[in-house]
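Hi everyone, thanks for coming along. Let me put the sequence and the model up on the screen, and then I'll talk you through it.

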Amino acid sequence: MSGEVSRGARAIVICPDIRGARHDLDAASRLEEAGGLALAIGIVVADAFVLPVRDVKPNTLFGSGQVQSIADKCELEAAELVIVDGALSPIQQRNLEDRLKRKVIDRTGLILEIFGERAATAEGRLQVELAHLDYQQSRLVRSWTHLERQRGGFGFLGGPGETQIEADRRMIRQRMARLRKELEQVRRTRTLHRERRNRAPWPVIALVGYTNAGKSTLFNRLTESDVMAEDLLFATLDPTMRAIRLPGVEKAILSDTVGFISDLPTQLVAAFRATLEEVTGADIIVHVRDIASAASAAQKTQVLHVLAELGVTGREGDDNPIPIIEAWNKWDLLDPERAGDLADIAAAADDIVPISAIEGTGVDALIAALDRLLTASSRIYQITLPVGEGQKLAWLHAHGQVMSEKDAGEGENGPLREFEVRLSPKEFGRFAQL
């Protein structure tokens, strides 16, 4: 599958609006998103439109008149590719290609192409190849040219043997089994890394959000890093972690995760969940929202739905009540009236911070909010140390708030000092390891 779609290809993008079908986004927003997915892989969108579908045709999805209309549009726009923002069965895909005389891909195929190009880590590449093979299994009928050949059987009776398509499917199943074993090993390694991080005292802040909400731009601004951040859907796929400093915390780990998307292909759900497992171990989640998007509310619903599936809701009393801050990004794109209305809403909430990651507006307020949450759990510890423990004494003054200190008599190694120090539980854990 990967490599079937060439960069620079001219395409017609169609969003089928099927009567009675339910989606997170309306048809216009889905069409815009589909166009963005096409642009993300270098496809030239010659035209894009919503096509109402009253009754789904099993052979072509669209009615015969609609198929002819699509063909005419392809001729007019000199398009060599048709992208259908929905799921096509193998039969529908093959029949549309036969009638349109052009390559046809559906939403799943398009997203797999993007993932195949962008995945950078070993796990990402394995997940994408596994998803490609899973998707391709049912489409051998359209993508292989030697299916009529047969291999001879073994033994005296021989017989027709297995057809080439059966052999190809068997090879795919074998390859998928090997990939699953490799992925399991990668997951075990990642689990060990996460457990090692959990033993460290550094708090973890995870950035989550709908794709193209501006997470990577914010990540770069907070970490002074250069993670790929472009105005593209799925500009980054693999999680990235960097250390940052906050006013009341010596060090925190900031994690940039893959962007969410509606109607995610089933073949990639596992890949998303594996990547997003990092979120479940975070101390704070920053939900970056493209507040200037007309679909911002629907996108928020989709993100919260995925987080809930991971067992993360942010509500007190839940099994995993991780605090969630909403960073209302792309504030610079709002018109003054809309900005004024939203500013009133944000001012009344302590978990909303308006920002423009690209301009830096509001980022200091976001840092202050993160610092406030991370230090809210701090408590006062009574710590007694020998006066000669200079390294530990210096550490307490550098990383904690020393409330008071006094003489505590003599110990085995000389005079003792007793300190009252405000530290977070993780900072105290790090101190205990010194």
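This is a predicted model: local features need pLDDT of at least 70, side-chain atom pairs count only at pLDDT 80 or more; totals for chains, interfaces and linings use all residues.

Residues are numbered from 1 along each chain as its sequence is written, and side-chain values use heavy atoms, with hydrogens and water left out.

The protein has 14 helices and 13 strands; these are DSSP runs, helices being H or I with at least four residues and strands E with at least two, numbered from the N terminus. Of its 434 residues, 48% are buried, where buried means under 20% relative accessible area with a 1.4 Å probe, protein chains only. Take the contacts (heavy atoms within 4.5 Å) between residues at least 6 apart in sequence: 68% of them join residues at least 24 apart.

Now the cores. By nonpolar core I mean a set of buried Ala, Val, Leu, Ile, Met, Phe, Trp, Tyr and Cys residues joined through side-chain atoms within 4.5 Å. The largest one has 42 residues, and Ile43, Ile83 and Ile285 touch the most other members. Elements giving two or more residues to this core include strand E1 (10–18), helix H4 (107–118) and helix H10 (296–309). Helix H1 gives the most, with 5 residues. Another core, of 24 residues, lies apart from it, and Phe219 and Leu374 are among its members.

Next, the helix pair. How do H8 and H12 pack? Helix H8 (residues 215–223) meets helix H12 (residues 363–375) at about 80°, with the axes 12 Å apart. The axes are lines fitted to C-alpha atoms over the stretch in contact, and angles run from 0 to 180 degrees between N-to-C directions. So H8 is roughly perpendicular to H12, a label that covers 65 to 115 degrees. Leu218, Arg221 and Leu222 of H8 make the contact with Val363, Leu366 and Ile367 of H12.

Finally, some single residues. Leaving aside residues up to four places away in sequence, Arg107 touches Glu33, Leu37, Val84, Asp85, Gly86, Ile261, Ser262 and Asp263. Cys15 is buried at 0%, and Cys74 is also buried, with 0% relative accessibility. The structure holds 0 disulfides, a disulfide being a pair of cysteine sulfur atoms within 2.5 Å.

Terms used
Angles under 35 degrees count as roughly parallel, over 145 as roughly antiparallel, 65 to 115 as roughly perpendicular and the rest as oblique. Buried means under 20% relative accessible area, exposed over 50%, partly exposed in between (1.4 Å probe, protein chains only).
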